[in-house]
Amino acid sequence: MFSAICSLHSHLTTFNRTHTTVVAMPKTSAPRLPKPGSHRAADPSHVETPLALKRRARKLNRTLALGYPDAHAELDFSTPLELLVATVLSAQCTDVRVNSVTPVLFSLYPTAADYAAADPEELAEVIRPTGFYQAKTRSLIGLGTAIAEKHGGEVPRTLEELVALPGVGRKTANVVLGNAFGVPGITVDTHLGRLVRRWKLTDQEDPVKVERELMELIEPKEWTMFSHRAIFHGRRVCHSRKPACGACFLAWQCPSFGLAGTPDPEEAMTRITSPDREHLLALAGFGED
């Protein structure tokens, strides 16, 4: 009996050791990264030809498509009017905050005529959480009036007509055209503007000039999706103040790698917290030893 117990103990000890080895958490290996400032476009003396710039921009877009295959407008909407209103409200406000307000707003004001006839104080109270609510109230009532009186209650489908509406600029117009009507357009918001300058695709600060230069680089059919992908990347990885350079899947393609943010992989990976974090890290080269 004693020998049998000893034999069982030995067997369990061996099993436990083997079991422990099998379930041990794998270590994460860091990716191989370039030296900060080593990209040719980071050199101020380097002159990039228009063709080389176009090829580099399109390669960036193709890589972004791998990272964000489901990139989309993050404002909630079901009609062109709802998207137009939500985009006007998104000025100086997060999409999350706008999405928290619009369900009630859309139920109270389902048509352009409803905005045109809205009581300013009541409308302002509904959209107050989005900030700058007095100016936005005037814009919503104004665009509702214009759509109802000049466009038969339907949101117009051209850039020229959209930008003529109160409170609607080129960025808002391109959002509506690209996402409600399928008309390609480049949406230059703060994220896209920041990223394309970091990528050295342009040095322009004016959104209209940025848009026009990008239109020369990116294929027209890709304009809307390029905008979505760049915005997704700006919100998830290439942050304004602390970009996660060391955990970025564009590290080898980015002239600003390690110059805009930390090149340290372990520190950088803590700055990526979106639901698609594991996918983004894997694409950046993080693996299991």
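Throughout this note, buried means under 20% relative accessible area, exposed means over 50%, and partly exposed lies in between (1.4 Å probe, protein chains only).

A word on the basis, before the points. This is a predicted model, in which local features need pLDDT of at least 70 and side-chain atom pairs count only at pLDDT 80 or more, while totals for chains, interfaces and linings use all residues. Residues are numbered from 1 along each chain as its sequence is written, and side-chain values use heavy atoms, with hydrogens and water left out.

1. The overall picture. The protein chain holds 14 helices and two strands, where helices (H or I, at least four residues) and strands (E, at least two) are DSSP runs, numbered from the N terminus. Of the 289 residues in the protein chain, 45% are buried. A contact here is a pair with heavy atoms within 4.5 Å. Among contacts in the protein chain with a separation of 6 or more, 64% are between residues 24 or more positions apart.

2. Helix 3 against helix 9. Helix 3 (residues 80-89) packs on helix 9 (residues 170-180) at an angle of about 150°, with the axes 10 Å apart. Axes are lines fitted to C-alpha atoms, for helices over the stretch in contact, and angles run from 0 to 180 degrees between N-to-C directions. The two helices are therefore roughly antiparallel; the cut-offs are under 35 degrees for roughly parallel, over 145 for roughly antiparallel, 65 to 115 for roughly perpendicular, and oblique for the rest. On the helix 3 side the contact uses P80, L83, L84, T87 and V88, and on the helix 9 side T172, V175, V176, N179 and A180. These residues divide into seven nonpolar, three polar and no charged. In that count Ala, Val, Leu, Ile, Met, Phe, Trp, Tyr, Cys and Pro are nonpolar, Asp, Glu, Lys and Arg are charged, and the others, Gly among them, are polar.

3. Helix 3 against helix 7. The axes of helix 3 and helix 7 (residues 133-150) come within 10 Å and cross at roughly 155°, so this pair is also roughly antiparallel. L81, L84, V85, V88 and L89 of helix 3 meet K136, S139, L140, L143 and I147 of helix 7. The contact comprises eight nonpolar residues, one polar and one charged.

4. T137. This residue belongs to helix 7 and is buried, with a relative accessible area of 3%. Which residues does T137 touch, leaving aside its neighbours within four places in sequence? They are P120, L123, A124 and I127. E122 lies 15 residues from T137 in sequence and 9.5 Å from T137 in space, C-alpha to C-alpha.

5. Helix 10. Seven of the nine residues of helix 10 (residues 190-198) are buried, so this helix is largely enclosed by the rest of the structure. The buried ones are H191, L192, G193, R194, L195, V196 and R198. Their cover includes helix 11 (207-217) and helix 12 (223-236).
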